[in-house]
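Please look through the sequence and the structure shown here before reading on.

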Amino acid sequence: MAQLSTKIKEYCKANDVSNVDFQKDVMLQNDSDGNGDYIKEWNLDIAQPTDEQLASYETAANTAESNAQVDATRRQAYGSWNDQLDEIFHD
């Protein structure tokens with residue numbers, strides 16, 4: 001299950017908002033009552049999504065999280081592209 005923040009990023013991307021600041025634009029909260037995270041404050045110029053709208057981005061958010069994990073694993077294993085070019089040049 002994708003994180004709420006990732007679903008919000010996907011919703012925003014679909015509505016032509018490329019960057020979301022989770023300190024200013026959208027504040028999430030978890031009251032530790034077993035209900036999980038929720039949107040506490042929404043300061044974007046697009047409409048705040050409903051739970052149903054966010055649920056529709058589950059697949060896209062899962063894909064984004066999986067891709068981010070693969071990218072992080074590869075960066076750790078191979079370093080940055082600068083490091084790779086440096087290695088090619090010196091080897």
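The model is predicted, so local features need pLDDT of at least 70 and side-chain atom pairs count only at pLDDT 80 or more, while totals for chains, interfaces and linings use all residues. Residues are numbered from 1 along each chain as its sequence is written, and side-chain values use heavy atoms, with hydrogens and water left out.

Some terms come first. Helices (H or I, at least four residues) and strands (E, at least two) are DSSP runs, numbered from the N terminus. A residue is called buried under 20% relative accessible area, exposed over 50%, and partly exposed in between, using a 1.4 Å probe and protein chains only.

Begin with helix H1, residues 4-14. Eight of its 11 residues are buried, so H1 is largely enclosed by the rest of the structure. The buried residues of H1 are Leu4, Ser5, Thr6, Lys7, Ile8, Glu10, Tyr11 and Cys12. Their cover includes E1, E2, helix H2 (51-55) and H3, where a contact means heavy atoms within 4.5 Å.

Helix H3 spans residues 58-78 and has 21 residues. From its first C-alpha to its last, H3 reaches 30 Å, close to the 30 Å expected at 1.5 Å a residue. The expected span is 1.5 Å times one less than the number of residues in the helix. After H3 comes Gly79, with a positive phi near 75°.

How are H1 and H3 placed relative to each other, and at what angle do they pack? The angle is about 110°, and the axes are 9 Å apart. That makes H1 roughly perpendicular to H3. Axes here are lines fitted to C-alpha atoms, for helices over the stretch in contact, and angles run from 0 to 180 degrees between N-to-C directions. Angles of 65 to 115 degrees count as roughly perpendicular, those under 35 as roughly parallel, those over 145 as roughly antiparallel, and the rest as oblique.

On the H1 side, Thr6, Lys7 and Glu10 make the contact, and on the H3 side Glu58, Ala60, Ala61, Ala64 and Glu65 do. These residues divide into three nonpolar, one polar and four charged. In this grouping Ala, Val, Leu, Ile, Met, Phe, Trp, Tyr, Cys and Pro count as nonpolar, Asp, Glu, Lys and Arg as charged, and the others, Gly among them, as polar.

Now turn to the salt bridges, of which the whole structure has three. A salt bridge is a side-chain nitrogen of Lys or Arg within 4 Å of a carboxyl oxygen of Asp or Glu. One of them joins the side chains of Glu58 and Lys7, at 2.9 Å from N to O. Glu58 lies in helix H3 and Lys7 in helix H1, so this pair ties together parts that are 51 residues apart in sequence. Both Glu58 and Lys7 are buried, and the relative accessibility of Glu58 is 18%. Not counting residues up to four places away in sequence, Glu58 touches Met1, Ala2 and Lys7.

Glu10 forms a salt bridge with Lys13, with the closest N and O atoms 3.4 Å apart. Both residues lie in helix H1, three residues apart, about one turn of the helix.

Asp71 forms a salt bridge with Arg75, and their closest N and O atoms are 3.0 Å apart. They are four residues apart in helix H3, which means a separation of about one helical turn. Asp71 is partly exposed at 36% relative accessibility, and Arg75 is exposed with a relative accessible area of 52%.

The last part concerns loops. Most residues other than glycine have a negative phi, and most peptide bonds are trans. Asp16 is found in the loop between H1 and E1 and is exposed, with a relative accessible area of 74%. Ser32 also has a positive phi, near 55°. The loop between E1 and strand E2 (37-42) holds Ser32, which is exposed at 70% relative accessibility.

Asp25 is also in the loop between H1 and strand E1 (26-30). Leaving aside neighbours within four places in sequence, Asp25 is in contact with Asn19, Val20, Glu41, Trp42, Asn43 and Leu44.
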